[in-house]
Amino acid sequence: MPVLNQSQLFELANRILCGAGIPPEDAKIVAQELSDANIVGHDSHGVMRLMQYIDFVRDGHVKPNGEFEIVKQGGAFAIIDGHFNFGQVTARKGLALGIEIARTAGTATVMMRNCNHIGRLGAYTHDAAEEGFAAMMSVNAPGPGGVAPFGGMERRLGTNPISMAAPSLNGHLVLDMTTSATAEGKLRVAKQSGQSVPEGMIIDGHGNPSTDPNAYYDKPFGSILPLGGPLLGHKGSGLSVMVDVFCGMLSGSGVCRTDLPRGANGVWMYLIDVEQFLSQDEYDQWMSKYVSHIKDCPRLPGVDEILLPGEIEERRKVERQANGVNIPDETWRQLKELAASLNVSLAAFPD
């Protein structure tokens with residue numbers, strides 16, 4: 001099992017993307033997002049995605065050099081068409097535009113359609129918080145999803161994640177969650193690592209509960225369950241439905257489409273310029289008081305610490321920057337096979 005540091009993860013992704021003919025500037029953006037996801041512990045959105053991405057390029061689902069088109073803009077909003085370029089490229093440009101709009105208007109709503117998989121939502125909302133914005137971002141899958149609605153046993157919804165972030169002097173608060181019981185990429189990590197998944201995450205193609213990730217991928221296809229399980233899954237299912245409305249319908253990306261791959265995304269981004277709503281000093285005082293209020297709560301037996309959204313990722317980042325990231329053997333085998341098919345050498349990387 002090779003161990004790669006952050007620069008090696010970036011270089012690995014960049015080489016493979018450039019080997020596939022991706023324009024260098026776009027390759028750098030995608031490689032940075034993938035390597036950063038690995039470093040903060042979200043391997044489901046890391047370099048393992050390269051196999052899927054290159055397949056999408058080969059199949060024509062990802063269209064390198066797709067135009068970043070501002071379809072409509074006014075006041076505090078913009079609608080973007082990514083023309084099926086890499087989702088990370090479209091989303092990064094959309095975030096930059098949203099920040100520019102919000103600096104003037106105080107808020108910004110940016111809708112993006114004809115986007116591809118944009119990676120880890122928390123990366124974008126975190127960077128918005130770094131610039132002084134409270135941010136919310138959500139994504140739907142207008143093409144085939146992998147999640148069964150509450151009470152159903154077939155794939156009808158996407159994992160439809162939601163991220164929210166707020167600036168904080170002690171480390172930004174960053175919530176990044178799916179409206180399903182798990183992200184599909186985490187099933188892929190378990191499958192490639194030969195591990196089972198916890199109960200309550202998936203059902204097989206016959207509607208039976210399963211802990212085997214292969215039950216999701218093997219025909220008849222299984223489904224991911226909505227967040228909340230058998231008792232409270234109506235809440236995750238309801239959130240997912242509303243994400244489809246906001247990210248799919250309002251962006252023009254769509255829902256229930258059969259002409260798009262699972263990785264296609266419709267995006268809704270909302271930004272608030274904190275300093276235009278209250279002074280920075282007042283905000284910082286409220287935030288510091290609130291963080292202490294939560295962290296100092298009396299803890300249940302066996303609980304060492306109460307964590308706020310984003311703290312786990314920051315700690316994993318420190319640990320992985322020091323010790324590197326373990327790449328599962330099956331993932332590494334697939335990456336080497338992919339690199340060989342593109343005539344890209346991985347000889348410089350540990351094996």
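This is a predicted model: local features need pLDDT of at least 70, side-chain atom pairs count only at pLDDT 80 or more; totals for chains, interfaces and linings use all residues.
Local features rest on pLDDT of at least 70 and side-chain atom pairs on pLDDT 80 or more, while totals for chains, interfaces and linings use all residues. Residues are numbered from 1 along each chain as its sequence is written, and side-chain values use heavy atoms, leaving out hydrogens and water.

**Exercise 1.** Work out how helix α2 packs against helix α4.

*Solution.* Start with the helices, which are DSSP runs of H or I with at least four residues, numbered from the N terminus. Helix α2 covers residues 24-39 and helix α4 covers 87-105. Next, take the angle: about 90°, with the axes 8 Å apart. Axes are lines fitted to C-alpha atoms over the stretch in contact, and angles between N-to-C directions run from 0 to 180 degrees. So α2 is roughly perpendicular to α4 (65 to 115 degrees). Finally, find the contact (heavy atoms within 4.5 Å): D26, I29, V30, E33 and L34 of α2 meet Q88, V89 and R92 of α4.

**Exercise 2.** Check the span of α2.

*Solution.* The expected span is 1.5 Å times one less than the number of residues. For the 16 residues of α2 this should give 22 Å. The end C-alpha atoms are 22 Å apart, which agrees.

**Exercise 3.** Find buried residues in α2 and what covers them.

*Solution.* Buried means under 20% relative accessible area, with a 1.4 Å probe and protein chains only. Among the buried residues of α2 are D26, V30, E33 and L34. Their cover includes α1 (6-19), α3 (50-59) and α4. Just after α2, G41 takes a positive phi of about 100°.

Conventions:
Helices (H or I, at least four residues) and strands (E, at least two) are DSSP runs, numbered from the N terminus. Angles under 35 degrees count as roughly parallel, over 145 as roughly antiparallel, 65 to 115 as roughly perpendicular and the rest as oblique. Buried means under 20% relative accessible area, exposed over 50%, partly exposed in between (1.4 Å probe, protein chains only).
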